[in-house]
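Here are my notes on the model you sent over. Have it open while you read, and check the residues as they come up.

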Protein chains: 2
Amino acid sequence: MKILIVGAVAAGPKTACRAKRLLPQAEITMIDQDKLISYGGCGIPYFISGDVEDGRELRSTSYGMIRDERFFLEAKGVLTRTQVRAIAIDRKQKVLSVDDLSTGKRETLPYDKLVLATGSAPILLPLPGNDLAGIYALSSLDKAIAIKKDLTQRRASKAVIIGGGGIGIEMAEALADMWGLPVTIVELTSQILPGLVSPVLAGLLTQHLKKHGVEVLTNESVTAFTADGNGRVNRVLTNKREIDADLVIMAAGVRPRGELARNAGLAVAENGAIIVDRRMRTSDPDIYAAGDCVEVLHLVTGKRTLAPLGSVANRQGRVAADNLAGIPSTFDGWVGSFIMKAFDLVVGATGISREVALREGFPAQEALCVQTDRAHFYPQSALMFLNMITDRKNRQVLGLQGIGAPGDGLLARINAASGLIAGKASIDDFGNLELAYAPPFASAIDILNTTAHVADNLAAGRLRVIDVFDFVAWMEGKQENNWLVVDLRYPDEAEPFLQGFPDRWLSLPYDRIRADYRKLPAGKTLILLCNSATRAYEVQCVLDSLTITDTLVVMGAANVLRRLGLSWWPRKTD
Amino acid sequence: MKILIVGAVAAGPKTACRAKRLLPQAEITMIDQDKLISYGGCGIPYFISGDVEDGRELRSTSYGMIRDERFFLEAKGVLTRTQVRAIAIDRKQKVLSVDDLSTGKRETLPYDKLVLATGSAPILLPLPGNDLAGIYALSSLDKAIAIKKDLTQRRASKAVIIGGGGIGIEMAEALADMWGLPVTIVELTSQILPGLVSPVLAGLLTQHLKKHGVEVLTNESVTAFTADGNGRVNRVLTNKREIDADLVIMAAGVRPRGELARNAGLAVAENGAIIVDRRMRTSDPDIYAAGDCVEVLHLVTGKRTLAPLGSVANRQGRVAADNLAGIPSTFDGWVGSFIMKAFDLVVGATGISREVALREGFPAQEALCVQTDRAHFYPQSALMFLNMITDRKNRQVLGLQGIGAPGDGLLARINAASGLIAGKASIDDFGNLELAYAPPFASAIDILNTTAHVADNLAAGRLRVIDVFDFVAWMEGKQENNWLVVDLRYPDEAEPFLQGFPDRWLSLPYDRIRADYRKLPAGKTLILLCNSATRAYEVQCVLDSLTITDTLVVMGAANVLRRLGLSWWPRKTD
């Protein structure tokens, strides 16, 4: 059997090597149009930052062998040809015509089974000047090496990143933290990580980026680039301003490379993604596809999405190889789990955000929980912020998003949720989920359990809340409400607010509520505020039992408000 | 409604406070025989070590209020009485007779609903001299304060810990790392963490403890204690030796405090654990129980077990409160998830170990995987070791155990597995489990996915292995085998072994196997060895296809062997 694989970065090599192990007699050939293959593409920001010093590390196995043509042939038994570009598939003859870019010759390669692992390409925005030197749409390791050369040779001194998604933020950190460049992120929508996390979490992250020298411009679109005398970009023009920049990185998303498949008459989605079944088979039974070039079923929305991640590509490659060898493995879909580092914060998510849930027609409820990531008395404990999105009708958990301190604490909660969300788990499954516990690792009630408890209390109507940004709008005079803040924290915490906002603020410490509730004025909606909303919820229950029911809790409470860079928040309480 | 709660450490306060929120009109009273209540018992080792400086921190809320009688009354609306011991339940009259230890008076307290949260007591081994000063069976915060006094007042200079379970190891670290005491752990069985992790993982941990000055004696039992002239322990006698010690901590397990329930005629198991249903109801519909004093269904074995953990107690307390208020929540069982820190290692598990699986009659298969916890090219990557236990018949994952580097990396895998194992997930569910990925957090193929892939290859017979300890026994001449090691690592890694064991060792680097396999001698079983068994598995596949099938892979490979403290392992390769 001749197996021909197009693409040799992630899904391609995984398919090739697993298939060769399962079908040792098969003749497996892998081609790629680039010279450098089988690299950890997700590691590119860390190569650019210098965390990973040498690009070869991204191409090495854990035991230190470079994954080049020789390696695949001698160690893996897979014939690999680089700088060979696939041109067209002749499905009747079962041959692939290719151009050998080093010789300029066209050839045809026969196959019994063909695997398309053609990946994705970054979107190059069609703007005037987009071909100037210094403008990169980050894709391959080659491009990354070119960017690093710009940095080491001091051609880059000020950077603009177009797109505030994960890659944009990772690149911002690489350039600002390690190279000291002033960096501006220009984001088209109203927030960074749009659709991925809530506006509140995006707000926390934005402040953190600013603290580290990264400017974030939202609701802003790039319109053109201008050049210096040497043909290098020197300015980025937006709909609002001009920004000096000699390095521009387009991180505005990717498009699947599906032309080869489409031209061969295979089923391809409008966005270019190749359509495959759960066994990674295209509409031609002899042609498989895997990796960034295919569509993936989203297990929460039921829609087909892109999933351009090395982890997904590898798991799909394994499934493709299994099926080539007659093992009926399946790749059933995904829930969009992601994790990223951004300076001293970690951001992650799984399932869908409230915004996506509402867009998809779910009756979405959002619970925001702030709690320490380990026992609060344990020295290294730090605050974690989790958003849980649930379905008001059936209590299904639709998504979880969070921000945490450096390390794997947030990963531990995202990973715990990922498989459960894929299995359509409910609030109750999460409320009683067994998470490993010892004080150096978690609270006795893990923040993930607590978040589900908050969702449960919300769903039952025991907890009634207002959104952080409604509160901010009211405080900033942009929204009229007949509200009065009841500050449940210690008196010294409330003091600066009583002075600053005497007509809006009242102090009534949490543990005095049962004794002193009669001091609360009537005729206004009481906005219950503490640090993390735990005490506010309890006070709401107490007041309910005293028939004082016109109360609302500020979700996220002071722990969120003080991190949003609000001009009116007293500095000394930070 | 009068709700009376016996016990005010974990399950008791959780039940009380949640019940008060759900039933604000209820009159809730909580009693405890101790003076100090509502403390984080699992934090005791960190209080003794000094990581947590003040015992009050274990009794404080995250917002810094001490959880004492006043707090529960004023903030929570729960009447709390300390130093009040429950004596007997009169179920007909629905009263509890109690002794007020401060006044010496007996009283009766009426109830409509009674909640037993009587906890557990550490097992005090019935050995001669067990009542000497300096011998502690760690239970309450009071005891912990007494131990810390012994340390600060320099009465303790050398410690023996009886029992190599989690608490024993945590205490060993506390005493050795922070106080510099020489510590000896005496463990009755053949390994530390018996039943919880495999002998291999226990071996790795034992070496790590030794490196940090903790002696570990296994297969050894304490027989008596002797005293100095002041009545303080000065020596621990075992079946094998005498050990000088002026501080002894018994960490040989706990027994549930079920006497009160048993004497009242409630259903109680032989070991003293109160039997409850999924709603935490005892055999009397007006009496609930929660926390260390109850039995918990193990969702893998189907047997009833103890689950003495603060996290379980809290979740059970919430369920008890819900049901008191008519909300039909359930606590369905657990899978024994745990995590602990031991110096610079983290140990964790969920589900059952191979030893328990075999004992329970499962046809257990064990896959051992060694891989970096994040992308191997990322600077902070470190090795993680995972054991996956599966059912040979139906591919169900029965358990996962692991050792990792400091931080939450292992927690992220244990938490991901816990909910899935409770749901009876299979090897395939784990092989394709979606785990969040970015190079600072995981490999493109997460170690948890890889471990499932190893289990899959084992189950399919593609991977054929020998146990690490069989290999060690053969190398040490304790086991005869017609074996020859084929060292697949780089020649300089193999060199010291070729010199040390010329008749047992052969070097054939991994990437030369397809070219040079003819150099392999016939007539012996080839033991394929590399660093993590990845290359060995691939070579096994290659050789199979060449009809050289008498080969076996060493599970865990050199990455495990070099960490077992083997006398014959060449030092310079460490």
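This is a predicted model: local features need pLDDT of at least 70, side-chain atom pairs count only at pLDDT 80 or more; totals for chains, interfaces and linings use all residues.

1. In it, 93 residues of chain A are in contact with 94 of chain B. The area buried between the two chains is about 7,800 Å², and carbon and sulfur atoms give 56% of that.

2. The interface also has 43 residue pairs in polar contact. On the chain A side, α10(A) gives the most, with 10 residues. By class, that side of chain A has 43 nonpolar, 25 polar and 25 charged residues.

3. One to look at is B:R374 with A:D408, at 2.6 Å from N to O.

4. Within chain B, have a look at B:K303 and B:E360, whose side chains meet at 2.7 Å, N to O. Each sits in a loop, and the pair ties together parts that are 57 residues apart in sequence. B:K303 is partly exposed at 44% relative accessibility, and B:E360 is partly exposed at 27%.

5. B:D446 and B:R413 form a salt bridge too, with the closest N and O atoms 2.8 Å apart. B:R413 lies in helix α10 of chain B, and B:D446 in the loop between α11 and α12. B:D446 counts as buried at 3% relative accessibility, and B:R413 is buried at 0%.

6. For B:K478 and B:E476, the closest N and O atoms of the salt bridge are 3.0 Å apart. Here B:K478 is exposed, at 63%, while B:E476 is partly exposed, at 30%.

Terms used:
Residues are numbered from 1 along each chain as its sequence is written. Chains are lettered from A and ligands numbered from 1 in the order in which they are written. Side-chain values use heavy atoms; hydrogens and water are left out. Contact means heavy atoms within 4.5 Å. Buried area is the accessible area (1.4 Å probe) that two parts lose on being put together, summed over both. A salt bridge is a side-chain nitrogen of Lys or Arg within 4 Å of a carboxyl oxygen of Asp or Glu. A polar contact is a pair of N or O atoms within 3.5 Å; within protein, one must be able to donate a hydrogen and the other to accept it, and residues adjacent in sequence count only if both atoms are side-chain atoms. Helices (H or I, at least four residues) and strands (E, at least two) are DSSP runs, numbered from the N terminus. Ala, Val, Leu, Ile, Met, Phe, Trp, Tyr, Cys and Pro count as nonpolar, Asp, Glu, Lys and Arg as charged, and the others, Gly among them, as polar. Buried means under 20% relative accessible area, exposed over 50%, partly exposed in between (1.4 Å probe, protein chains only).
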